[in-house]
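Have the sequence and the model open as you read.

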Amino acid sequence: MAPPLLLLLLASGAAACPLPCVCQNLSESLSTLCAHRGLLFVPPNVDRRTVELRLADNFIQALGPPDFRNMTGLVDLTLSRNAITRIGARAFGDLESLRSLHLDGNRLVELGTGSLRGPVNLQHLILSGNQLGRIAPGAFDDFLDSLEDLDLSYNNLRQVPWAGIGAMPALHTLNLDHNLIDALPPGAFAQLGQLSRLDLTSNRLATLAPDPLFSRGRNAEASPAPLVLSFSGNPLHCNCELLWLRRLARPDDLETCASPPSLAGRYFWAVPEGEFSCEPPLIARHTQRLWVLEGQRATLRCRALGDPAPTMHWVGPDDRLVGNSSRARAFPNGTLEIGVTGSADAGGYTCIATNPAGEATARVELRVLALPHGGNGSTEGARPGPSDIAASARTAAEGEGTLESEPAVQVTEVTATSGLVSWGPGRPADPVWMFQIQYNSSEDDTLVYRIVPASSHHFLLKHLVPGADYDLCLLALSPAAGPSDLTATRLLGCAHFSTLPAMPLCHALQAHVLGGTLTVAVGGVLVAALLVFTVALLVRGRGAGNGRLPLKLSHVQSQTNGGPSPTPKTHPPRSPPPRPQRSCSLDLGDTGGCYGYARRLGGAWARRSHSVHGGLLGAGCRGMGGSAERLEESVV
């Protein structure tokens with residue numbers, strides 16, 4: 001039995017230490033060193049009695065519950081500089097003895113509520129150098145009472161679980177530097193009595209709310225745990241809100257001011273306290289008076305300036321602060337929006353702007369115009385919706401004898417997207433404050449309101465839906481008889497009309513194409529006519545010039561085929577002058593190689609003269625008394 005037992009012991013020893021790792025058993029404490037081993041996952045055959053497990057500088061991508069199952073004695077776990085992107089729920093669930101957890105230098109983006117559940121005695125948690133953008137509020141709940149060191153630096157955090165951090169009484173060091181934190185909640189560190197180092201370097205903090213933690217000076221006698229505070233690299237806005245911090249006089253810090261412009265770049269602790277000033281609020285613009293119809297939305301606006309930016313509040317007509325509800329909503333920029341107005345919403349509203357330097361107020365008057373409810377125009381009872389108003393108006397318009405004395409309402413000049421509404425002046429005895437047009441379409445049941453001055457009797461509706469049926473009613477609003485009375489409303493008439501269908505796009509394109517083709521055709525004809533006319537003028541001018549030149553010649557003699565020239569009867573014979581030596585030309589006296597060419601050219605010019613200038617040839621023949629052959633030759 002000895003050899004099998006020996007093999008079993010050797011096999012168990014081989015399984016206790018993974019092949020790529022180095023195991024050390026010192027003083028009954030087993031350390032498994034697997035750093036720089038190129039591991040893609042946690043080795044499954046790690047000895048469960050391991051006290052220290054180092055898995056740094058590998059390529060591990062995910063962690064799950066099986067990786068550390070039954071390792072209840074593990075005290076130090078190092079997973080730095082891996083490629084961890086995900087930690088499963090209760091991946092560290094069995095690590096009840098864990099004191100130190102290093103997860104820095106990984107690729108974690110988010111920590112869920114169950115990602116860090118299990119190590120109830122954890123004291124050091126290092127999460128720096130990740131890509132954390134969100135940490136669930138309950139991620140640190142299992143070790144709130146034991147955690148002493150929390151490092152969240154070099155991440156992308158805009159918010160951290162302040163409630164959990166503020167409930168860590170044993171916390172000594174908190175590193176939040178190089179994040180995107182832009183605000184600290186008031187009293188976030190009030191309960192951290194043991195905190196000795198707080199690093200807020202290189203965030204986006206423009207101001208710091210007063211906190212008892214920051215009042216701890218460097219004097220150990222004043223506080224049992226003096227605080228080392230670092231908040232340089234933040235865009236501090238040096239105004240009266242930071243005056244409390246300036247009075248702490250911490251000369252060893254190197255903070256500078258980023259704003260206002262007069263203090264930008266100056267050393268924070270060197271700025272005199274008198275220059276940490278604020279500007280009281282100033283309301284730049286606001287709604288002064290607003291009239292809306294009952295049931296419509298009312299938007300009250302109020303804009304204020306100041307340093308720091310004022311906080312805006314609204315006080316209603318009942319002298320109560322207006323908060324967010326199902327009917328009303330107050331925005332941080334000073335806008336108050338009432339979704340559905342009623343008669344109870346009418347009255348004076350007060351806009352209040354406050355900051356540490358003071359406050360400013362402005363009054364806004366809201367008037368709600370009541371509309372007729374029911375068929376008889378009574379305003380008592382339940383409040384109807386907008387569609388009920390239009391329905392009651394149409395019912396009253398269709399009733400017998402209801403509108404016999406009222407002028408009719410007409411809709412004319414209807415197009416695909418517009419229509420002109422016209423109505424008469426009405427009864428002179430009834431004063432009219434303004435007219436109201438209500439209409440909706442078959443495409444949309446939403447009732448649309450239009451307010452028209454009392455002096456107008458025409459209104460052009462625009463932006464209508466093409467090819468839709470519309471129901472329209474016209475109401476006259478009369479001023480109330482007394483301050484407590486409601487506005488009187490009476491129906492003047494209703495009308496039904498339909499908009500024209502929209503022109504199809506292909507028809508419009510066809511019209512454009514036909515128009516363009518016609519334009520091109522007409523232009524081409526005009527250009528061709530102009531070219532023909534220009535060519536005719538050029539040919540005529542050239543022909544006329546060549547036809548007149550031979551008529552100016554004198555002493556032109558006919559030439560025969562080698563025979564002697566006839567002597568004119570009226571002139572005595574004379575000997576011809578000596579002929580000079582010259583080259584071939586169009587001279588008619590040459591009988592050499594150029595003679596045939598001259599004769600052909602002369603015949604061509606004669607035929608052209610007959611065809612183009614027939615009238616001129618006839619006149620030449622009558623004037624000279626010669627034959628056609630004589631004229632032809634003369635032309636040559």
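Predicted model: local features only at pLDDT ≥ 70, side-chain atom pairs only at ≥ 80, totals over all residues.

Residues are numbered from 1 along each chain as its sequence is written, and side-chain values use heavy atoms, leaving out hydrogens and water.

**The sheet with 4 strands**
- This open sheet runs in the order β18-β25-β24-β21, with mixed pairing (strands are DSSP runs of E, at least two residues, numbered from the N terminus; two strands pair if DSSP finds at least two bridges between them).
- At the edges sit β18 (289-293) and β21 (311-315), each pairing on one side only.
- From one strand to the next, the twist averages 25° (axes are lines fitted to C-alpha atoms, and angles run from 0 to 180 degrees between N-to-C directions).
- β21 is joined to β24 (residues 347-355) by 5 bridges, and the two run antiparallel.
- Across that pairing, histidine 313 stands opposite isoleucine 352 in β24.

**The sheet with 3 strands**
- Here the open sheet goes β26-β27-β30, with antiparallel pairing.
- Its edge strands are β26 (410-412) and β30 (458-461), and each pairs on one side only.
- Between β26 and β27 (residues 419-422) there are 3 bridges, and valine 411 has valine 421 in β27 as its bridge partner.

**A loop residue**
- Phenylalanine 59 lies in the loop between β3 (52-54) and β4 (62-63).
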